[in-house]
Amino acid sequence: MMPGGFTETKPATPEVQKIVDQVKPQLEEQDKKPYPVFVAITYKTQVVAGTNYLVKVSVSNSTDECVHLKVFQSLPHVNKGPSLISYETGKTKDDPLIYFE
């Protein structure tokens, strides 16, 4: 991993699923639509003063539709949950998980 850069893409873990579950209401509010299916598939991390996550999330059982999330998790002593920084809709399972603003 490049210092300050994101890790390679890895399969999602239960910890990553917990993080995306916590930011799901933030996405639904910002995107103004419900996401009944919300399953983390892959992710990357970047250590800063906390951790940035890029996560590919499946949002459909019947298609390859995905969203990409950028989530910030502060350091434990701050005692704050994860925050949705930005997102990209209209992705598929085949789209690479790359940095976005």
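1. Strand β5 covers residues 83-92, and it pairs with β4 in the antiparallel sense over seven bridges. Look for K70, which stands opposite S86 in β5. Keep in mind throughout that this is a predicted model.

2. Now move to the other neighbour of β4. Strand β3, residues 50-58, also pairs with β4 in the antiparallel sense, here over nine bridges. K56 has H68 as its partner in β4, and V57 has V67. The link from β3 to β4 is a hairpin of six residues.

3. The protein has five strands and one helix. Along the sequence, the pattern reads β-α-β-β-β-β. The five strands form an open sheet in the order β1-β2-β3-β4-β5, with antiparallel pairing. At its edges are β1 (10-11) and β5, each of which pairs on one side only. The helix, α1, packs on this sheet and touches β2, β3, β4 and β5. Its direction makes about 85 degrees with that of β5.

4. The largest nonpolar core holds 17 residues. Those with the most contacts inside it are F38, V55, V57, V67 and L69. At least two residues of this core come from each of α1, β2, β3 and β4. The largest share belongs to α1, with five residues.

5. Which residues does V57 touch, leaving out those up to four places away in sequence? They are V20, F38, V39, A40, I41, E65, C66, V67 and L69. One of them, V67, is also the bridge partner of V57 in β4.

6. Two backbone angles deserve a check. Most residues other than glycine have a negative phi. K32 has a positive phi of about 60 degrees, although it is not a glycine. N79 is not a glycine either, and its phi is near 60 degrees, again a positive value.

7. Where do K32 and N79 lie? K32 is in the loop between α1 (14-31) and β2 (39-48). N79 is in the loop between β4 and β5. Are they buried or exposed? K32 is exposed, with a relative accessible area of 72%. N79 is exposed too, at 70%. Both labels follow because exposed means over 50% relative accessible area.

8. Finally, the overall form. Along its principal axes, the C-alpha trace spans about 40 × 25 × 25 Å. A compact globule of 101 residues would have a radius of gyration near 13 Å. The protein has 13 Å, so the value agrees with that expectation.

9. Two totals complete the picture. The protein exposes about 5,900 Å², and carbon and sulfur atoms supply 54% of that area. Among contacts with a separation of 6 or more, 50% join residues 24 or more positions apart.

Key:
Residues are numbered from 1 along each chain as its sequence is written. This is a predicted model: local features need pLDDT of at least 70, side-chain atom pairs count only at pLDDT 80 or more; totals for chains, interfaces and linings use all residues. Side-chain values use heavy atoms; hydrogens and water are left out. Two strands pair if DSSP finds at least two bridges between them. Helices (H or I, at least four residues) and strands (E, at least two) are DSSP runs, numbered from the N terminus. Buried means under 20% relative accessible area, exposed over 50%, partly exposed in between (1.4 Å probe, protein chains only). A nonpolar core is a set of buried Ala, Val, Leu, Ile, Met, Phe, Trp, Tyr and Cys residues joined through side-chain atoms within 4.5 Å. Contact means heavy atoms within 4.5 Å. The radius of gyration is taken over C-alpha atoms; the globule rule is 2.2 Å times the number of residues to the power 0.38. Accessible areas come from the Shrake-Rupley method with a 1.4 Å probe; for residues, only the protein chains shown count as cover. Axes are lines fitted to C-alpha atoms, for helices over the stretch in contact, and angles run from 0 to 180 degrees between N-to-C directions.
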